[in-house]
Amino acid sequence: MPRDPKYDVLFEPIQLGPKTMKNRFYQIPHCNGFGSEKPLSQAYFRAMKAEGGYGACCTEYCSISPESDDTHRVSARLWDDDDVKNLSVMCEMLHEHGALAAAELWYGGPHAPCMESRSVPRGPSQIPSDFEYLTYAKEMDKDDIREVQQLYVDAAKRAREAGFDIVYVYGSHSYLPQQFLTPYYNKRTDEYGGSLENRARFWRETIEQVREAVGDDTAIAVRMSCDMFMGDAGTQLERDCLPFVELCDEIVDVWDINVSGISEWGEDATPSRFYPSGRLLPWQEAVKKVSKKPVLGVGRFTSPDLMVDAINSGKLDIIATCRPSISDPFLPQKIDEGRLDDIRECIGCNICISRWEIGGPPVICTQNATAGEEYRRGWHPEKFDTAENADNDALVVGAGPAGMECAMILGKRGMRRVHLVEAEEDMGGIMRWIPQLPGLGEWARVVNYRKIQIDKLPNVEFIPGTTLDANGVKEYGAEIVVIATGANWVTDGLNGCTHDTISGADASQPWCLTPEQIMRDGKEVPGGNVLIVDNDGYFMGVSLAEKLASEGKKVTLMTHLGHIAPYMHFTLEAPNQHRKLHKLGVDIVPYHIPTRIEQGAVTATHVYDDEAHEQTWDADAVVLVTQRRSNEALYRELKDRVGFDALEQEGITGCYRIGDCEAPRLIADCVFSGHRLAREIDSDNPEVPKPFIRERRVIERELAVA
Amino acid sequence: MRIVVCVKQVAVLGDEVEFADDALDVDPDYLDFALNEWDSYATEEALRTRESLDADDDEIVVVSVGDPRAENAIRRCLAMGADRAIRVDRSGSADPITLARLLAPVVQREAPDLVFCGVQSSDAVQAATGTALAELLGLPRVAVVTRIEWDPGGARATVHRELEGGLVDVTEVNLPALLTIQTGINQPRYATLRAIKQAEQKEIEVVSPAEGGEPAFRVCRMFVPPREEGAQMLDGGPADIARRIREIIEERLK
């Protein structure tokens, strides 16, 4: 279908200083775990978005010097000519698709722990980082300022040499230039501190010098946070940012506008749990009103209507996306071709970001199993080769995230027939009820996207309301059987802390409940006092606490961990979730594990108390968020009772487990599991993942023959 | 007991539609094909009737009019559990009366105790083939059936039929008879892959079409109605808007 003319504005070229961008789709700087040291993974990852229609793609933050070394986290680097070589691959591949390449030059100051380089970072004032522990900067004197500015200039020249069309002098997220601009970081009394003009001096001089060095043929971008949400201490729109834009507008080719500091940068990379698309538009619009230069910015835009509205209403010139471009690198092309229902919309879970926060693992995505696998596994999100065993019929049992993904990809790989059989009346599995937890509505996109795709595939049939036993599977008539029957929260308190059940825990009692019983089965939570035992550490315990507290119950949330939901620090959901629970009066009891549960009371001890002193909490209801266990009964029946030999006699050549049914895991990993099996369904042994390319240095030498 | 189920392979529109060069039909390149939804309920009801009456010599025969492509829909019914199938070999779309004339001699030859048709087809939506066929066969007919309760032995049934406005007509019918089956009467079963494979192996009897006679209507031209000007936006509160709508309608009715 042709593009709807109402989206034409998204496909108009725009001038960025000396460079022309072919359309309004810009991939904002974001991390992927590849940096400049996995250069092919990096290049293939970015190039996929250029192939999908993005007009420009940027590196992640790109360090200009060993003084700005973010290890354990992975940044790109432009420290020397070898980095130039490595990043030049990305530039070349982007250019082949007609996209511009951008490098986000980065100096972290006190936030850079320099764990690999063991260098000492420099900063405007000597106050330890609010993001890291135990990292201090050396307070810069005038010589330091000149030297660091020269580091920017040298890195900019290397960026141009690598082939980058756009270089940033990056400040947002509380990095060095913005540290100078912000009283929270800048306590100086010389001409680089105090008044706005003084606080702006370092950044302005640096932009001038970079422009002088490369500006004749390279566009200069500045990324600035326009509100740190810290009151007077933080950068503020009216006081600091708009005057700074007026001061520097002449020497900047494009403004990249966002909000937040680094310690709560979930205010910028907003989880869908708390913010809808376009939450940054008021700040972007304010800058656009005072600037004569193009303004770009993020807002987790997945809807072309919102994108068009942002441009037509004068709030943005260029639609920058990070997470939506990970979820669907072909977002621009799908809009261009009028294939809106093929867009794999970002759900805003921030599982991608969690990998950067953890520090090192490659990017993953709940919606797009191929994210990060472009080079090392050779996966393309939109292209599928016909399976060598495509003349087979496949039966997938269970239509949760793993089963849906597997059936969809088997269908796209041209299997003769795929039957996706589900006990419930609709697709989704756990994703039928998880999106009903507070704030998680957008997570339902995991189901919606796959449902629409499966409906379009003539060789995939969804069969609802049908429970198959081992005999039913055996006689179903498929050559390939995939079991995706999911997992359930345990009913007896078995947990990863004590590796034992909890005495008295029994969710067959009316006062003892599991998450599924509450959310899926509608089991009533009795009484006014609820105690939730959370040994899981991610969203389930806190989400149920929020839900039950919002319904007027007095909620106690007990965990053996030091924090409630520590994984939500990685997804940037933690700060606002803590605020919510605090506001709702939820009592948080860390470092405690129940020893005994009975009707009306929970008895627990401190995990580090060697004498095991017990304390008792009143509880009309106890919710067990202790651990999940795979629903593997059907698989075990097939493997242990019927036997794979007997299945083979029925013509079943392979029987596999995917997703939670194999081992409970993140939704993103369930989707990956289903995708991986379908991608490799024609390999020698589909059960075992094929090796992937590991980008590493290999020593050239002969191995001794044993 | 022998039950004949008359089914149709319907055309399903995709996102885009173009007309054929002669403007008499939709260009088949833009169509998908599937078993008519109503007919899957009719087939299921035949299977359930057989199961509930539990007689040894019961047979379910599927009859359809269409070209070889229509065998996909027929095989879907065989995979669900029908015993036998007959295709009246004729290509192109036809009006309901013509279809009934083509079906009648084939159904007659089978001498069925019971004939099921879907209430209507999802592509033509005329809801006439079943009743026309009953007329040609001289059978009593009950249209838009939502429930069937069999007397012991199966010679007579109490039948619920859906009327307009939520009314239900409860009536009795003696066999032989023709019933047109409404969606929702049951939950059609899904065929396993094995049943689908077995259905692929089954022979479908192909018979030449009888004389269709004069069609009930002819398609002269298909076209997209021209867009007309004159949308009028009404402002104000609900009561104001309602009053204005009433005035406009009254003006137009004059």
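Predicted model: local features only at pLDDT ≥ 70, side-chain atom pairs only at ≥ 80, totals over all residues.
Let me begin with one pair of helices in chain A, α12(A) and α21(A), whose crossing is right-handed. Helix α12 of chain A covers residues 401–412 and helix α21 of chain A covers residues 667–679, and their axes come within 7 Å and cross at roughly 30°. Angles under 35 degrees count as roughly parallel, and α12(A) and α21(A) are therefore roughly parallel to each other.

As for the residues involved, α12(A) contributes, among others, A:Pro401, A:Cys406, A:Ile409 and A:Leu410, which meet a set in α21(A) including A:Ile667, A:Cys670, A:Val671 and A:Leu677. By class, this contact of α12(A) with α21(A) has 10 nonpolar, 4 polar and 2 charged residues.

Let me now step back to chain A as a whole, which has 21 helices and 28 strands. Its C-alpha atoms fill a box of roughly 75 × 65 × 65 Å along the principal axes. For 706 residues, a compact globule would have a radius of gyration near 27 Å, and the 27 Å of chain A agrees with that.

How is chain A divided into domains? The assignment gives domain 1 as 5–358, domain 2 as 393–486 + 631–679, and domain 3 as 490–629. Between domain 1 and domain 3 of chain A, the C-alpha centres lie 40 Å apart, and the contact takes 14 residues from domain 1 of chain A and 8 residues from domain 3 of chain A. On the domain 1 side of that contact, the residues divide into 8 nonpolar, 3 polar and 3 charged.

Finally, what does the contact between the chains take from each of them? It takes 8 residues from chain B and 11 residues from chain A, and the side of chain B that touches chain A has, by class, 3 nonpolar, 1 polar and 4 charged residues.

Definitions and conventions:
Residues numbered from 1 in each chain as written. Chains lettered and ligands numbered in written order. Domains from an automatic or database assignment. Contact = placed C-beta atoms within 7 Å. Nonpolar A, V, L, I, M, F, W, Y, C, P; charged D, E, K, R; others polar. Helix = DSSP H or I, 4+ residues; strand = E, 2+ residues; numbered from the N terminus. Rg over C-alpha atoms; globule rule 2.2 N^0.38 Å. Axes fitted to C-alpha atoms, helices over the stretch in contact; angles between N-to-C directions. Parallel < 35°, antiparallel > 145°, perpendicular 65-115°, else oblique. Left-handed = near helix turned anticlockwise from the far one by under 90°.
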